[in-house]
Amino acid sequence: MTFNVLTTNAVDLQRLLEDNMTTSAQIVEEYLAQIDRYEPALNALISPAPREQVLEIAKSRDEERQKRQIRGPFHGIPIILKDSFVTASELGMSTTAGSYAFVGAKASKNGAITQRLIDAGLIILGKANMTEFAGMKMTMMMPGWSAHGGQTLSPYVGKMEDNEKILGHSAPGGSSTGSAVAVAAGFSPLAMATETVGSIVTPSTRAGLYALKPTTGLQDTTGLYTMTEFFDSPGPMAKSAADVRVLSEILLGRLFNSPQLGSWEGLSVGFLDPKVWSMSPDFCTQFEGTAEQMVDEYEETVSALQSRGCPLKYPIHCKDPSVLPSTILPIAYWDFKNVCIPRFIRSFHECSVASVADIVNFNKENSEKALPAPFIEQNDLEGAMNTIEKKEKIDELKQELRKAARAILDDLFDKENVNILAAPGDSPLCVHASAAGYPVATVPIGQLRYNDRPFGLCLVVRADEEETLLRFMGVYEKVAKPRPVPKF
């Protein structure tokens, strides 16, 4: 049975498999055909899985299904991983974090999360392009660009406008761009992404997706490139709330099937003012009607939720992230140099670089391919390389930042008596969430009349309250307009 790769979600596919209406091999064939059609134009994948090998894996999952050896709720369902998730070299895909310095690095085993997904029966179709080192290379580097992978484009917008700002309306946004574009373009029903500050939120809202960044520190990040230990967390992207819920259950090892699933009971949302919580003009130029349309549809969404029984308050007021201690960069530099790059390098048994200094030197020596115009600098890599702060000092900065961000958000949760905060996906609410280490999720709202690019909501809850977000997403989906589908 054929299905529409642009609209069918993983839960639907699982149902077709259970009813013997299709096989995992047939599902994989459908997605590979879509990749063949549109990947050359979109550049979402940095390393596709070898075709014969991935079809063999799909057939193995089908044989297991016939023997009733079901590994998990997404047994035999395809997924794409951001190029920060280490895959064993025998799977035929590289892991580079977008950097030429890691091309040819070999890993004898999968990262912890990669292995968890394989053990649950998922089939890895490929690795998604990403902003090189999730942005830790040069300031104002275009999101979705890496030296090794080139520039990923939005399936809704296509070619980027000339001299586009880094979060302009034609930019696909955020370091997990390849993952978001792959799901929206029908290359896979599911993708794994990571977020430091906004790297899941921005690309998923611009691809009309449901997505989740769980509480920082919940998951084993062995064999995963992260920019920082302090801000980063990996999470799922999908076309439906149910898909995000099931994949989150696999990732976090717990079931989110509370008796209130499907109802507003126990949920209460505080919506921030979209006129205040918007994108800075430094990052995104507004065109005639774009800002107004996003405010109008945000307010229509608030009204629709209220009329369907969602307990909410609008507008509520929150302090701007500019009141937080300005320690994000020193923390990121220190973690990158001293924790994250050494840990990433240890994932490989063969690797041509051993430190941040080696990466900087590699890029200089191979500048034609590693530092091509217009992204010829590596000032952030150099900043990280030259950081000399002591661990004790950084630990102090981390504690101070986390405490300040949690105080702002907790005060709002308590004062307004809400358990979810909502703001436009283009707003800096994700900065507060990252600094606090709190979970953040996205849901779609609509798409711009100006150029069809989707936009959505960003949602934040307190630590370990993923279930609250997943419940809201599930009920929201029933009330909201259908998510936008790209018209190729």
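The expected span of a helix is 1.5 Å times one less than its number of residues; helices (H or I, at least four residues) and strands (E, at least two) are DSSP runs, numbered from the N terminus. The model is predicted, local features need pLDDT of at least 70, side-chain atom pairs count only at pLDDT 80 or more, and totals for chains, interfaces and linings use all residues. Residues are numbered from 1 along each chain as its sequence is written, and side-chain values use heavy atoms, with hydrogens and water left out.

**Exercise 1.** Compare the span of helix α8 (residues 290-307) with the expected value.

Solution. Helix α8 has 18 residues. From first C-alpha to last it reaches 26 Å, close to the 26 Å expected. Just after α8, Gly 309 takes a positive phi of about 95 degrees.

**Exercise 2.** State which residues of α8 are buried and what they pack against.

Solution. Buried means under 20% relative accessible area (exposed is over 50%, partly exposed in between; 1.4 Å probe, protein chains only). Among the buried residues of α8 are Met 294, Tyr 298 and Leu 305. The buried residues pack, with contact meaning heavy atoms within 4.5 Å, against elements including β10 (312-316) and α15 (466-479).

**Exercise 3.** Determine whether Thr 202 is buried or exposed, and list its contacts.

Solution. Thr 202 is found in helix α6 (residues 201-205). Its relative accessibility is 9%, so Thr 202 counts as buried. Leaving aside neighbours within four places in sequence, Thr 202 is in contact with Leu 167, Pro 172, Gly 173 and Gly 174.
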